Amino acid sequence: MVRSVDISEPGAVNVTVSLTTPGCPIKSHFQTGVTTAVKAVAGVTHVNVGFDVLTPDEKAGLQRTLGRPGGLPEGALAQVQNVICIGSGKGGVGKSSLTVNLAAALQGEGKKVGILDADVWGYSVPRMLGLGGRRPSVSAERKILPLESHGLKVISIGFFIKEDEAVVWRGPMLHKALTQFLEDVAWGELDYLLIDLPPGTGDVSMTLSQLLPQALFVIVTTPQDTAQKVARRSAQMADKVNLEIAGVIENMAGFTAPDGTRYPIFGEGGGQRLADELEVPLLGQVPLTMPLRAQSDAGVPLVAVDPDDPAAQAIRHAARGIVALAPPAPIALPTLNVVQAGPPQPVGMSLPMA
């Protein structure tokens, strides 16, 4: 990751470090560490540390060096264009309800969307999409066929155990199950695969970072300072495993009463402070509304049935922000075919010969 080391004048050293992502949350640690290490060299009196970003090819090479080949797993995910991991530092911040509604909002933008419920211990996506108690089938190619609800393809551990049964698994079983969900499910052609992560920085997040090194990471937090500080740990985990942090979504951003009075129940500004600290965009601020909770319990995404609800509007705004993060498709320029019939003919009037 050291791009260059240049001695500009006696005692002065310029070092350029290439980050894996533009919004690297530990950039300041690199700056401090490099400065301390270089100043320890005899004769160095001043250190300038600059930063740039690894190109996709350089990043893939770094991943190979670290034993993590780049790219999505072959086979079932070959037709998935973008993978978005949605995580949080702690539970209870509304991460799963945001995942379901973001998926529905992306579908409303004309995208093909799937949801992988990787919150193995706290799976709730099946109930939020009205799929509780149903079981997926298997194709002739022995691939698991995801269930569909409201036009979304869905896979969850809840489809393979008794309804509402507790999952008591250790790390190796989790790793195997998640690998199967990614590689043995016939996801087909998708613009976005949203992965609902369990809260915290445990086995599931690390497994997914190994299997999906090119995935983007979206952090969900509440405005509360304590929640924001906990969410930052997820950002540190994402950076340590080289997942690019795409942005922050602030949930429960105030409650507006029927008389129009707004109550900041969980404080204000935590999502923006976290986004500023990580140098990533704040994708949305989703308020508390009763329909958001009621429709989740009813198994219907709010954005699909009440797009004018304030929470639905904020979620659709966040979905458009996620769409804007996707790399632009290459533009195919038309080829101009010019057929030269013979030598160019002179242009102008003929002058009489003397």
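## Buried residues of H3

In this predicted model, the buried residues of helix H3 are Lys 95, Ser 96, Ser 97, Leu 98, Thr 99, Val 100, Asn 101, Leu 102, Ala 103, Ala 104, Ala 105 and Leu 106. That is twelve of the helix's 14 residues, leaving H3 mostly covered.

H3 runs over residues 95-108. From its first C-alpha to its last it reaches 20 Å, close to the 20 Å expected at 1.5 Å a residue. Just after the helix comes Gly 110, with a positive phi of about 90°.

## Meeting H11

What does H3 pack against? One partner to look at is helix H11, residues 310-325, whose axis comes within 9 Å of that of H3. The two axes cross at roughly 70°, so H3 is roughly perpendicular to H11, given that angles of 65 to 115 degrees count as such. The crossing of the pair is right-handed.

On the H3 side, the residues in this contact are Leu 98, Asn 101, Leu 102, Ala 105 and Leu 106. They meet Ile 315, Arg 316, Ala 318, Ala 319, Ile 322 and Val 323 in H11. By class, the contact comprises nine nonpolar residues, one polar and one charged.

## The wider protein

Stepping back, the protein has eleven helices and 14 strands. Of its 354 residues, 46% are buried. Among contacts between residues at least 6 apart in sequence, 73% join residues at least 24 apart.

Technical notes
Residues numbered from 1 in each chain as written. Predicted model: local features only at pLDDT ≥ 70, side-chain atom pairs only at ≥ 80, totals over all residues. Heavy atoms only, no water. Helix = DSSP H or I, 4+ residues; strand = E, 2+ residues; numbered from the N terminus. Expected span 1.5 Å × (residues − 1). Buried < 20%, exposed > 50% of the residue type's maximum accessible area, 1.4 Å probe, protein only. Axes fitted to C-alpha atoms, helices over the stretch in contact; angles between N-to-C directions. Parallel < 35°, antiparallel > 145°, perpendicular 65-115°, else oblique. Left-handed = near helix turned anticlockwise from the far one by under 90°. Contact = heavy atoms within 4.5 Å. Nonpolar A, V, L, I, M, F, W, Y, C, P; charged D, E, K, R; others polar.
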